[in-house]
Protein chains: 2
Amino acid sequence: MQLPEAKSKFIEAWGKLGSEWGINRTMAQVHALLMVSPEALTTEEIMEELKISRGNANMTLRDLISWGLVEKQHKAGERKEYFFADKDTWNIARQVAKERRKRELDPIIKILDELSKVEGDKKDEAFKTFNKSVNDINKLAKNVDKTLETMLKAEENWFWGSIFKMFK
Amino acid sequence: MQLPEAKSKFIEAWGKLGSEWGINRTMAQVHALLMVSPEALTTEEIMEELKISRGNANMTLRDLISWGLVEKQHKAGERKEYFFADKDTWNIARQVAKERRKRELDPIIKILDELSKVEGDKKDEAFKTFNKSVNDINKLAKNVDKTLETMLKAEENWFWGSIFKMFK
DNA sequence: ATAAACTTTCAAATTATTTTGAAAGTTAGA
DNA sequence: TCTAACTTTCAAAATAATTTGAAAGTTTAT
């Protein structure tokens with residue numbers, strides 16, 4: 001297999017994985033492309049390589065920037081914007097964990113907290129089951145939340161810091 | 001807030017969370033409904049409660065069974081099938097991790113292994129970057145895979161076993 | 001063997017998500 | 001200021017995912 005073929009396989013696979021995990025396929029593909037590009041790319045180049053429209057490229061890049069996975073670069077004497085992806089997988093994982101925590105975990109914990117407070121007849125099986133399930137999920141979610149928080153400040157923490165070295 | 005309202009909020013929230021993580025909204029909702037139901041439910045009851053069609057209910061229940069989250073039950077002297085969800089959050093988490101590992105992580109590792117083998121000009125920046133990114137992701141994926149494997153047999157392992165007790 | 005009770009299938013309809021592309025907006029330099 | 005280079009927006013179009021519902025299939029009891 002040659003590089004160009006390998007590259008498109010990688011982009012395709014990353015796009016598929018993303019879409020299976022609720023991340024827009026194109027966003028994952030643009031990210032994949034930038035991850036294997038030594039140089040920052042222009043919108044034009046990305047449109048060209050992935051055969052996507054200008055609007056799509058623009059929106060996707062903005063999203064990637066808001067996820068903290070891509071940054072804009074400017075080259076001296078050029079008007080064009082260049083886009084560059086951090087290639088440190090650990091940073092990427094941390095960044096994704098951080099964003100998903102903020103966007104999805106935190107909101108559901110808020111709801112679960114509310115639902116934990118619902119009062120009812122302690123003899124009623126329906127109420128008992130509801131209560132137990134909601135409370136258990138809430139506990140699990142809070143534990144995941146705490147674990148992520150610890151993870152995200154790994155550098156400051158000897159314990160997780162040493163666990164993470166195992167993953168590098 | 002009363003139980004019926006709380007129940008629908010829970011079902012709605014679980015459905016939303018599912019869809020954000022690539023799990024069909026209806027599937028997550030049916031799962032949520034069964035999680036708060038002390039008794040096993042029939043297809044009819046599920047259709048009724050969630051206002052979904054028979055076909056949808058049937059397919060969704062089959063999916064949930066294939067995910068290992070729901071099981072069929074039969075009541076003596078009845079033709080109807082009843083559906084019941086495991087309510088132990090830790091089992092649910094394990095089960096989901098197990099399935100997603102099999103369905104999504106394993107396939108991507110297979111692709112990454114192939115792409116790791118691609119040969120090329122070691123002076124070429126494009127090749128070097130491709131190689132490094134693919135290899136790094138591959139390593140991370142393999143570590144996640146190993147960690148999940150260990151997690152999934154937690155009971156047999158003193159280290160993770162004791163970590164997990166913190167989550168129970 | 002037949003009928004009633006129940007489950008499964010899947011093509012077509014619906015709904016949700018993503019993508020396009022042309023127009024509007026912005027910026028930098030002459 | 002004006003214009004060319006570049007970026008952003010967003011309504012409409014295209015695509016993808018989900019859902020429906022009626023027909024076909026299956027099972028059980030008589």
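These legends describe close-up views of a predicted model.

**View 1. Helix α3 of chain A and its buried face.** Helix α3 of chain A spans residues 43-50. Its buried residues are A:T43, A:I46, A:M47 and A:L50. They cover an arc of only 100° around the axis, so they sit on the same side of α3(A). Their packing partners in chain A are α1 (3-20), α2 (25-35), β1 (41-42), α4 (54-66) and β3 (81-85). Just after α3(A) comes A:K51, with a positive phi of about 55°.

View 2. A:D145 and A:R101 pair through their side chains, at 2.8 Å from N to O. A:D145 belongs to α6 (residues 125-152) and A:R101 to α5 (residues 89-116), so the bridge ties together parts 44 residues apart in sequence. Both A:D145 and A:R101 are buried.

View 3. A:E125 bridges to A:K128, with the closest N and O atoms 3.2 Å apart. Both residues lie in α6 of chain A, three residues apart, about one turn of the helix. A:E125 is partly exposed, at 43% relative accessible area. A:K128 is partly exposed too, at 40%.

View 4. The side chains of B:R54 and B:E44 form a salt bridge of 2.7 Å, N to O. B:R54 lies in α4 (residues 54-66) and B:E44 in α3 (residues 43-50), ten residues apart. B:R54 is partly exposed, with a relative accessible area of 45%. B:E44 is partly exposed, with 41%.

**View 5. A salt-bridge network in chain A.** A:E99, A:K102 and A:R103 are joined into one network by salt bridges that share partners. Over all chains, the count comes to 26 salt bridges.

Terms used: Residues numbered from 1 in each chain as written. Chains lettered and ligands numbered in written order. Predicted model: local features only at pLDDT ≥ 70, side-chain atom pairs only at ≥ 80, totals over all residues. Heavy atoms only, no water. Buried < 20%, exposed > 50% of the residue type's maximum accessible area, 1.4 Å probe, protein only. Helix = DSSP H or I, 4+ residues; strand = E, 2+ residues; numbered from the N terminus. Arc of directions from axis to C-beta. Contact = heavy atoms within 4.5 Å. Salt bridge = Lys/Arg side-chain N within 4 Å of Asp/Glu carboxyl O.
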